[in-house]
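Try each task before reading its solution.

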Amino acid sequence: MRGLAFKIGGGLAALAMAVSACGSSGSGGSSGDESSASKQAEPRETPEYEEIVDLAAMKVVKQQYVFGDTLYLDDSLLLIQARTHPDVNYLSVVTGIDPATGKVKWEIDEEDIPPSVVESGMFMGRGRLLVSHGMAYVPLSSSAGAESNYGFVALDSETGEAKWVAQHPVWEPKGSGPGGRSARTVVDIVGAVGDTVVYSAHSYWSDGDLSSLNDPNAKIKPNILHRAETVAVDAETGKVRWKKDGFLGRYVTRSHVVGTIPAKQEARRNEPLAGVEAETGEDAWKTTWKSNVADLSKDWLLVRQSESPDIGPHDGVYEAATGRRVAKLDADNPPFLSGGWVNEVPEAKSHGVAWIATEKDKDGPQTLYVAKDGESKPRKVAFHPNERLEIDHPMVTEDDYAMVQTAMIDPIGQQFADLENGELGFPVDATEDDREPIAYSDNYLITGGTQVEETILYKRVP
């Protein structure tokens, strides 16, 4: 077993905790040596991770490249995306693994799902996965065409037993679209709030090649929307609780569904944002400007105007419940849209959002800001002037660590910045296979590299 205790670089411990944006840290009337000594916090033990299993060595994933969009990691279950059945090529297999042991809990294919739950002609496909409150949710597609996703099936996370299916009708406009385009329907699992599961559906006219959607000179133009709606269902039964037409849900926060109000010429990005009440589907807030969500947590949204490094007039950190902006962003360190952890984003697993700002110019001192769930204002941590940092993965832990990356060390690797005492440490040994995090939960971490054999599941040591 490869132990992954954090490595603390001597020069990297020179971080100093600045005054919190929430207010002064002073105590008022206390004084004296004994009182001062009692207030000096002892250095915290740097978190450690230990290897649970080499995922690539397991038969269930050996033939499949494992990355953030092929799995879903929860403290209770590691859900592996549908893969081709090893013996029957027209079937696909979904696997549930116990992250505490690395052992397979169950494997199911379409023939294991009774017809009373899923009708004939449906198969488990690729798309957003979700594990929540003892249930695992897996996308379903139609055998009529791989491009038409029809919904998802709810499985018991302990046994893999199918409980119910959410099946959305495929919207089929008459004839072909502009320029002879064909119509496609997509259904995405968005997330869960309490005992409510939310999914979105949209139908659009498409050329099929989406590589140049945002290129004004491209011969292939953006998708043209035909219809969009968001649906909330009961997590126990799958029965519909509410529907909202013209709203495309993308993310679930503590009590809201955040999405876009797409126009007829939509490319699924750069659309006005909106928030609705997850319990009722009632409008909560909306914007008049177009933007993207680069990162989110239960309480916060980190918003960027576009996919380019430009900073727009509305970019910043927003309250997910109200749409109110609490902080602006820095043009020298624009937050990039998450490139990995595809299935982690919709459920907002991070316990806050983090971003970096330069104090004066791009070569000056940097400050790490964190908007933590449950807190009304961002915190800030002042970094040593020589440290050049960036945030590559959106991860803030419940016990006050934020994942950052620095180019001032050798080798380069992802690290946790301690928000209490300002130290840095490695969650993963970057010297080994150059692995980086690709999925996480509160107590588990999966790292991977450019090759499938580098995919490892780790557990945080208490």
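**Exercise 1. How many aromatic pairs does the structure hold, and how are the rings of Phe152 and Trp164 arranged?**

Step 1. The structure holds 7 aromatic pairs. Rings of Phe, Tyr and Trp (its six-membered ring) pair if their centres lie within 6.5 Å; planes under 30 degrees apart count as stacked, over 60 as edge-to-face and the rest as tilted.

Step 2. For Phe152 and Trp164, the ring centres are 5.9 Å apart and the planes stand at 65°, so this pair is edge-to-face.

Step 3. Strands here are DSSP runs of E with at least two residues, helices are runs of H or I with at least four, and both are numbered from the N terminus.

Step 4. Both Phe152 and Trp164 are buried, where buried means under 20% relative accessible area, exposed over 50% and partly exposed in between (1.4 Å probe, protein chains only).

Step 5. Finally, look around this pair: Phe152 and Trp164 form one aromatic cluster with Tyr137 and Tyr199.

Before you go on, two notes on the source. This is a predicted model, in which local features need pLDDT of at least 70 and side-chain atom pairs count only at pLDDT 80 or more, while totals for chains, interfaces and linings use all residues. Residues are numbered from 1 along each chain as its sequence is written, and side-chain values use heavy atoms, with hydrogens and water left out.

**Exercise 2. Why does the pair of Trp355 and Tyr369 count as stacked?**

Step 1. The ring centres of Trp355 and Tyr369 lie 5.6 Å apart with planes at 15°, so the pair is stacked.

Step 2. Trp355 belongs to strand β23 (residues 352–358) and Tyr369 to strand β24 (residues 366–372), so the pair ties together parts 14 residues apart in sequence.

**Exercise 3. Is Ser132 buried or exposed, and which residues is Ser132 in contact with?**

Step 1. Find Ser132 in strand β8 (residues 130–132).

Step 2. Its relative accessibility is 9%, so Ser132 counts as buried.

Step 3. Leaving aside neighbours within four places in sequence, Ser132 is in contact (heavy atoms within 4.5 Å) with Tyr137 and Ala192. Tyr137 is also one of the residues in the aromatic cluster from Exercise 1.

**Exercise 4. What is the strand order of the open sheet of 7 strands, and which are its edge strands?**

Step 1. The order is β16-β17-β18-β19-β20-β21-β22, with antiparallel pairing. Two strands pair if DSSP finds at least two bridges between them.

Step 2. The edge strands, each pairing on one side only, are β16 (248–252) and β22 (325–328).

Step 3. Zoom in on β21 (residues 316–319), which is joined to the antiparallel β22 by 3 bridges. Here Val317 stands opposite Ala327 in β22.

**Exercise 5. How many helices and strands does the protein chain have, and what share of its residues count as buried?**

Step 1. The chain has 2 helices and 32 strands.

Step 2. Of its 462 residues, 55% count as buried.
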